[in-house]
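Dear colleague,

Here is the protein model that I promised to pass on to you, with its sequence. Please look through it first, and then compare it with the notes that follow.

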Amino acid sequence: MIVAARNRKQRDRATHRRLLPEGRLSGTMPWVIAIMMFLSILTAAAGIGLDRASRSLHAELAGRVTIQIVEADPEIRADQTGRVMTDLRRFPGVSHIALVDDADMQAALRPWLGEELMDGELPIPALIDVDLKPGVNARTYAAFRDSVTAIAPTARVEPHAAFLTPLSQLMRVLKWLALALVLLMTLATAAIVVLAAQAAHNSHRTTIEVLHLMGATDVQIARLFQRRMALDAFFGGMVGLVAAALVLALVAMLVRDIGSDLLGAAALPDYGWGVLLLLPLGGVLLAMLTARVTVLRALRRSL
């Protein structure tokens, strides 16, 4: 009995599928979904990369300070530099201190100032790179700055994070913009599936009536449309994923050739690739759910 019932159920399901053909990959919807998935994956990759770059930039520059000893007299400048370094080595909030070599300073300034100015008597300020310990508050930083200016009144204390705060804010805004675009494209994909499901329902009204006469329920009919949309969404998602992966691989090669640390920090982490691989799966689930709800509502209205 159980085997016979199962065989009869399988025959009915096969008959239903013949009456309502599956979607063809040559239709427009799979290719529209492929384009939407391609754009969604690229946008999501950009958002994840910007988030990683922003975090890396903040972690690298937080607590880093550059001290410029601006003094025309070389002897006074050297004396102030030595006293500042000696004092800061005893400062409780400093974890590392280093004096930038004069040769490195001249090599960095020569392309901007030219050989004539570099070979002259142009005074070059002394630079001291300082790393502050994590958790340094405003009061400790004020004490650090006062300690430097007490020795060298003309010294300039410049925190790196202050100069790159606008860049960090821009990266955060672009990250949230990328997330918003992914959500908008998800809504657009759902709208495309709704229109496709409604069009399929309208074009198969006669077939649906035959299925009802054969004893098929609304849920069983909706499951056929759901399967059709799932296949189209799977095909479109795979095409979009492959195309986006090729583009991301090309961009990664170009960034590696440039050799920029900031662009290199925007590379996708391991979890980012996992998120991108889940997007096509999410697209299939979205198409199935949207098609099911749309067809069930259309069937109830037609009764």
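**What the model shows**

Aspartate 79 and arginine 83 are separated by about one helical turn, because they stand four residues apart in helix α3 (residues 74–89); helices here are DSSP runs of H or I with at least four residues, strands are runs of E with at least two, and both are numbered from the N terminus. These two residues form a salt bridge in which the closest N and O atoms are 3.5 Å apart, the term meaning that a side-chain nitrogen of Lys or Arg lies within 4 Å of a carboxyl oxygen of Asp or Glu. Aspartate 79 is partly exposed at 43% relative accessibility, and arginine 83 is also partly exposed, at 42%. For these words, buried means under 20% relative accessible area, exposed means over 50%, and partly exposed is what lies in between, computed with a 1.4 Å probe on protein chains only.

Before going on, please keep in mind that this is a predicted model, in which local features need pLDDT of at least 70 and side-chain atom pairs count only at pLDDT 80 or more, while totals for chains, interfaces and linings use all residues. Residues are numbered from 1 along each chain as its sequence is written, and side-chain values use heavy atoms, with hydrogens and water left out.

**The chain as a whole**

The protein chain holds 10 helices and four strands, and from the N terminus on they follow the order α-α-β-α-β-α-β-α-β-α-α-α-α-α. It has 303 residues, of which 34% count as buried. If we take contacts (heavy atoms within 4.5 Å) between residues at least 6 apart in sequence, 85% of them join residues at least 24 apart.

**The other salt bridges**

How many salt bridges does a search of the whole structure find? There are three. In one of them, aspartate 51 meets lysine 175, with the closest N and O atoms 3.1 Å apart. This pair links distant parts of the chain, since aspartate 51 belongs to helix α2 (residues 28–61) and lysine 175 to helix α6 (residues 160–203), 124 residues apart. Aspartate 51 is buried, with 12% relative accessibility, and lysine 175 is buried too, with 18%.

Another salt bridge brings together the side chains of arginine 64 and aspartate 131, at 3.3 Å from N to O. Because arginine 64 lies in strand β1 (residues 64–69) and aspartate 131 in strand β3 (residues 126–132), this pair ties together parts that are 67 residues apart in sequence. Arginine 64 is partly exposed, at 26%, as is aspartate 131, at 23%.

**The nonpolar cores**

In soluble globular proteins, nonpolar side chains tend to be buried together. A nonpolar core is, in this text, a set of buried Ala, Val, Leu, Ile, Met, Phe, Trp, Tyr and Cys residues joined through side-chain atoms within 4.5 Å. The largest core has 22 residues, and those that touch the most other members are Val193, Ile221, Phe225, Met229 and Val295. Two or more residues of this core come from each of α2, α6, α7 (205–213), α8 (218–258) and α10 (270–302), and α8 gives the largest share, seven residues. A second, separate core has 20 residues, including Leu88, Ile128, Ala152 and Ala155.

**The aromatic pairs**

Rings of Phe, Tyr and Trp (its six-membered ring) count as a pair if their centres lie within 6.5 Å, and the pair is stacked when the planes are under 30 degrees apart, edge-to-face when over 60, and tilted for the rest. By this rule there are two aromatic pairs. Tryptophan 31 and phenylalanine 235 form an edge-to-face pair, with 5.2 Å from centre to centre and 90° between the planes. Tryptophan 31 lies in helix α2 and phenylalanine 235 in helix α8, so this pair ties together parts that are 204 residues apart in sequence. The rings of phenylalanine 91 and phenylalanine 144 are also edge-to-face, because their centres are 5.8 Å apart and their planes stand at 70°. Phenylalanine 91 lies in the loop between α3 and β2 (94–99), whereas phenylalanine 144 lies in helix α5 (residues 138–151), so the pair ties together parts that are 53 residues apart in sequence. Phenylalanine 91 is buried at 14%, and phenylalanine 144 is buried at 0%.

With best wishes
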